[in-house]
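The following note sets out points for a colleague who is meeting this structure for the first time. Please read the points with the sequence and the model at hand.

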Amino acid sequence: MAVPALDVFQVIGDPSRRKMLMLLSSDSLSINSLAEHFDMSRPAVSKHVKILHNSGFISMTDIGRERYCTLKQDGFKELESWLAYFDEFWKSKLKNLEVLLNKKSPH
């Protein structure tokens, strides 16, 4: 089954994938262990895992018969970069407002 290529916001837009990321923030988990937390088929969980993996949010390691998922920085860096742009945008707007208010108020 082909996994669609999604942008980073489509990836985190799915509540199940966000929950998987939260679960993996505590520890590496096998796909079977992840699946226990969801009311969906094992193939559906695998599809979500593939999307997270292809987007750089998790890495996969084979240990024996199990595939373990671990958080990875790549996907988060793309998010962070996008958010940083708007952090700077709002800081600039607030700084401009502060300057304007300081000019209007008597000291």
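1. Where does Gly 56 lie? Gly 56 is placed in the loop between H4 and S2. The model is a predicted one, and this also applies to each point below.

2. Leaving aside residues up to four places away in sequence, Gly 56 touches Lys 72, Gln 73, Asp 74 and Gly 75. Phe 76 is 20 residues from Gly 56 along the chain, and the C-alpha atoms of the two are separated by 7.9 Å.

3. As to the overall fold, the protein has five helices and three strands. Their order from the N terminus on is α-α-β-α-α-β-β-α. The radius of gyration is 20 Å, whereas the globule rule gives 13 Å for 107 residues, so the protein is more spread out than a compact globule. Taken along the principal axes, the box filled by the C-alpha atoms is roughly 70 × 30 × 25 Å.

4. Some totals describe the protein as a whole. Of its 107 residues, 23% are buried. Among contacts with a separation of 6 or more, 49% are between residues 24 or more positions apart.

5. Which residues touch the most other members of the largest nonpolar core? They are Leu 34, Val 45, Val 49, Phe 57, Ile 58 and Cys 69, in a core of 19 residues. The elements that contribute two or more residues to this core are helices H1 (8-13), H2 (15-24), H3 (31-35) and H4 (42-54), together with strand S2 (58-63). H4 provides the largest share, which is four residues.

6. Ile 58 touches Leu 21, Leu 24, Val 49, Leu 52, His 53, Cys 69, Thr 70, Leu 71 and Lys 72. Cys 69, in strand S3 (residues 66-71), has contacts that include Leu 24, Leu 34, Val 49, Ile 58 and Met 60. Ile 58 and Cys 69 therefore count as touching, with heavy atoms within 4.5 Å.

7. Is Cys 69 buried or exposed? Cys 69 counts as buried, since its relative accessibility is 0%. Between Cys 69 and Leu 34 there are 8.8 Å in space, C-alpha to C-alpha, and the two are 35 residues apart in sequence.

8. Glu 36 belongs to the loop between H3 and H4. Glu 36 is exposed, because its relative accessible area of 68% is over the 50% cut-off. Arg 65 is 29 residues from Glu 36 in sequence, and their C-alpha atoms are 17 Å apart.

9. The last point concerns Asn 102, which is located in helix H5 (residues 73-104). At 39% relative accessibility, Asn 102 counts as partly exposed. Asn 102 and Ile 12 are 90 residues apart in sequence, with 41 Å between their C-alpha atoms.

Methods
Residues numbered from 1 in each chain as written. Predicted model: local features only at pLDDT ≥ 70, side-chain atom pairs only at ≥ 80, totals over all residues. Heavy atoms only, no water. Core = buried A, V, L, I, M, F, W, Y, C linked by side-chain atoms within 4.5 Å. Buried < 20%, exposed > 50% of the residue type's maximum accessible area, 1.4 Å probe, protein only. Rg over C-alpha atoms; globule rule 2.2 N^0.38 Å.
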